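Let's take a walk through this one, from the inside out. Have the viewer open as you read.

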Amino acid sequence: MHPARNFRESDRTVLAERVGERGFAVIVGIDERRPLIAHAPILLDGDRLRFHLSAANPLSAALRDAGRALAVITGDEAYVSPDWYEKADQVPTWNYLSVEIEGRIRVLSRDEAARLLDDLAARYEAWLKPKPPWTRAKMDPAKFETLLGGIVGFQMTVERLEGVTKLSQNKPAAEATRIARELAKLDDEGARRISRRMIRSLSAG
């Protein structure tokens, strides 16, 4: 988490929306020697976070043993050049959105893991409309069962849900507006989304 409190995001509705927009997280755990990470699609429903990993991934065993995990979701981000400030002696920085989700976890049963896969497909196939959604009904049931045996499903009881909304709130409104305008000129959709968020934030403030 960024140490500056004015960048901290604690609005659970905002954070849940941010997680839903991305749908993908870095899962963090630790074994006896070092931190371990994996990337995974996730589903956040209230205080329940679900995800799955390959059974062969060392993180799966580490999470089983530790009983806790951290999920990190990175949202839109953009580099901010010091040349865009009117005031001199500025330094480069980065504006960005993020979410951290932490809590106790348990391993899902085989039936629960199958439901997780169904729920993941339903959620993210919906992003592809008007394409007809894929479901496991299109698979050979035996093949699905084989693949299901190769994963471990997890459910986290969320104990901490926090994020960072860093949109130049520490700068005067005129400087933040200049930065937003410069970001809007870039051939980078992430930078343009950050620009739009900055403008909305400035308008609301």
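Two residues touch, in what follows, when they have heavy atoms within 4.5 Å of each other. Keep in mind that this is a predicted model.

Start with Leu-49. Leaving aside residues up to four places away in sequence, Leu-49 touches Ile-42, Leu-43, Leu-44, Ala-71, Ile-101, Phe-154, Gln-155, Met-156 and Val-158. Leu-49 also belongs to the largest nonpolar core, a set of 26 residues, where Ile-27, Leu-49, Phe-51, Leu-63 and Ile-101 touch the most other members. Among the elements that give two or more residues to this core are helices H1 and H2 and strands S2, S3 and S4. In soluble globular proteins, nonpolar side chains tend to be buried together.

Apart from that core lies another one, of 13 residues, including Val-80, Ile-179, Ile-194 and Met-198.

Now look at helices H5 (residues 173–184) and H6 (residues 189–204), whose axes come within 8 Å and cross at roughly 150°. Angles over 145 degrees count as roughly antiparallel, so that is how H5 runs relative to H6. The crossing is left-handed. Ile-179 and Leu-183 of H5 are among the residues making the contact, as are Ile-194 and Met-198 of H6. By type, the contact residues divide into eleven nonpolar, two polar and one charged.

Most residues other than glycine have a negative phi, and most peptide bonds are trans. Asp-89, in the loop between S5 and S6, has a positive phi of about 60°. Ser-168, in the loop between S7 and H5, has a positive phi near 65°. Asp-89 is exposed, at 78% relative accessibility, whereas Ser-168 is buried, at 5%. A cis peptide bond, with omega about 15°, joins Lys-129 and Pro-130; Pro-130 sits in the loop between H3 and H4.

Methods:
Residues numbered from 1 in each chain as written. Predicted model: local features only at pLDDT ≥ 70, side-chain atom pairs only at ≥ 80, totals over all residues. Heavy atoms only, no water. Axes fitted to C-alpha atoms, helices over the stretch in contact; angles between N-to-C directions. Helix = DSSP H or I, 4+ residues; strand = E, 2+ residues; numbered from the N terminus. Parallel < 35°, antiparallel > 145°, perpendicular 65-115°, else oblique. Left-handed = near helix turned anticlockwise from the far one by under 90°. Nonpolar A, V, L, I, M, F, W, Y, C, P; charged D, E, K, R; others polar. Core = buried A, V, L, I, M, F, W, Y, C linked by side-chain atoms within 4.5 Å. Buried < 20%, exposed > 50% of the residue type's maximum accessible area, 1.4 Å probe, protein only.
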